[in-house]
Amino acid sequence: ANTVFAGDAGINGKARFYKTTDAGLSWIVLDSIEGPTASFNGVKFSESMPLFGIAVSGNINGCESPNFIYKTKDGGNSWTKKELPGFPGAATSINSLNVIDSLFYSFGTTMCLPSIIITTNGGLTWNLRNIGLPSLNENITNGIAFNSNKLTGIAESSSLPLITRTTNGGLTWTDLYLGLDISGKCTMRWIEGTDICYLSSTHAPSGAILKSTNGGLNWIQMTTGNSGISIFDVKKNGHGIFGYAV
């Protein structure tokens, strides 16, 4: 309840990765990176292996300095840092990190074709996979979520109401048109061990969070009382699903 990890974007050319163990009263800096657009872009722990977590950092345009990945196996008491393999122009996208377990995790890219970078063997090898959405002026793949079966997944790259879906672990993707009045950037979340997934949009007059109960094939628009959601998260606890949105 009192331990939180957080990252910031470049302040005076430096971005920092923080930890607090007293609910935010005090913070320590775990690491930092330098660069004009340096940023820590995601911290995520596995639902099935809660002691395992991943954090990613890099420069927003992908060209100024390497992207780094941080890994913990003990709940964040210690982290190892490695440079991600070079994919020119493919910076880590903010809020796109998706962690299933210690072998399978992925994140979206920026400044290239709509793509994800994914590992299925714990980071021994990485693959840059085109998710098949049309290339636009702003290709930021913020939305990614995979089922805990590691096969079914959904993604979005500045393309709402068009998303894409995979049933073979991200090898191939099929476009899916939602047909709803939504646009902007997207957050996607999957409830572990179920076929329930959610997505949000930063512009949606009729409801900014959508829900699917069949693995992303069909969606319903939920009532949020807000025309846009910048970020949200959900968690299953027993038989209940709890969430928050900003």
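Modeller: What follows starts with the salt bridges, moves to the strands and cysteines, and ends with some backbone details. The model is predicted.

Across the whole structure, a search finds six salt bridges. One of them brings together the side chains of glutamate 47 and lysine 235, at 2.7 Å from N to O. This pair links distant parts of the chain, 188 residues apart: glutamate 47 is in the loop between strand E4 (38–45) and strand E5 (53–59), while lysine 235 is in strand E21. Glutamate 47 is partly exposed, with a relative accessible area of 39%. Lysine 235 also counts as partly exposed, at 44% relative accessibility.

Another salt bridge is formed by the side chains of aspartate 233 and arginine 189, with an N to O distance of 3.0 Å. Because aspartate 233 lies in strand E21 and arginine 189 in strand E17, the pair ties together parts that are 44 residues apart in sequence. Arginine 189 counts as buried, as its relative accessibility is 10%. Arg189 and Asp233 also belong to a network of salt bridges, in which they are linked with Lys44.

A further salt bridge joins lysine 150 and aspartate 101, whose closest N and O atoms are 2.6 Å apart. Lysine 150 is in the loop between strand E13 (143–146) and E14, and aspartate 101 is in the loop between E9 and strand E10 (105–110), so this pair ties together parts that are 49 residues apart in sequence. Lysine 150 counts as partly exposed at 25% relative accessibility, whereas aspartate 101 counts as buried at 14%.

Now to the strands. E21 runs antiparallel to strand E22 (residues 240–245), and six bridges join the two. In this pairing, lysine 236 stands opposite isoleucine 241 in E22. E21 and E22 form a hairpin with two residues between them, and glycine 238 in the turn has a positive phi of about 70°.

Isoleucine 231 counts as partly exposed because its relative accessibility is 34%. Together with Tyr244 and Val246, Ile231 makes a nonpolar surface patch of about 310 Å².

Strand E17, which carries arginine 189, is part of an open sheet of four strands in the order E17-E18-E19-E20, with antiparallel pairing. Strand E17 (183–190) and E20 stand at the edges; each has a single partner strand, so one side of each is left without a neighbour in the sheet. Direction ignored, neighbouring strands of this sheet are turned by 30° against each other on average. Within the sheet, strand E18 (residues 197–203) and strand E19 (residues 209–212) pair in the antiparallel sense over four bridges. The bridge partner of tyrosine 198 is lysine 211 in E19.

The structure holds zero disulfides. Cysteine 186 is buried, with a relative accessible area of 2%, and cysteine 197 is buried as well, with a value of 0%.

Some backbone details remain. Most residues other than glycine have a negative phi, and most peptide bonds are trans. Leucine 160 and proline 161 are joined by a cis peptide bond, with omega about 5°. Proline 161 is in the loop between strand E14 (153–156) and strand E15 (162–166). Alanine 23, although not a glycine, has a positive phi of about 60°, and its place is in the loop between strand E2 (14–20) and E3. Asparagine 95 is likewise a residue other than glycine with a positive phi, near 70°. Asparagine 95 lies in the loop between strand E8 (91–92) and strand E9 (98–99) and is buried, with a relative accessible area of 17%.

Conventions
Residues are numbered from 1 along each chain as its sequence is written. This is a predicted model: local features need pLDDT of at least 70, side-chain atom pairs count only at pLDDT 80 or more; totals for chains, interfaces and linings use all residues. Side-chain values use heavy atoms; hydrogens and water are left out. Patches are made of residues with over 30% relative accessible area and no salt bridge: like charges are joined within 9 Å, nonpolar side chains (Val, Leu, Ile, Met, Phe, Trp, Tyr) within 5 Å. Accessible areas come from the Shrake-Rupley method with a 1.4 Å probe; for residues, only the protein chains shown count as cover. A salt bridge is a side-chain nitrogen of Lys or Arg within 4 Å of a carboxyl oxygen of Asp or Glu. Buried means under 20% relative accessible area, exposed over 50%, partly exposed in between (1.4 Å probe, protein chains only). Two strands pair if DSSP finds at least two bridges between them. Axes are lines fitted to C-alpha atoms, for helices over the stretch in contact, and angles run from 0 to 180 degrees between N-to-C directions. A disulfide is a pair of cysteine sulfur atoms within 2.5 Å.
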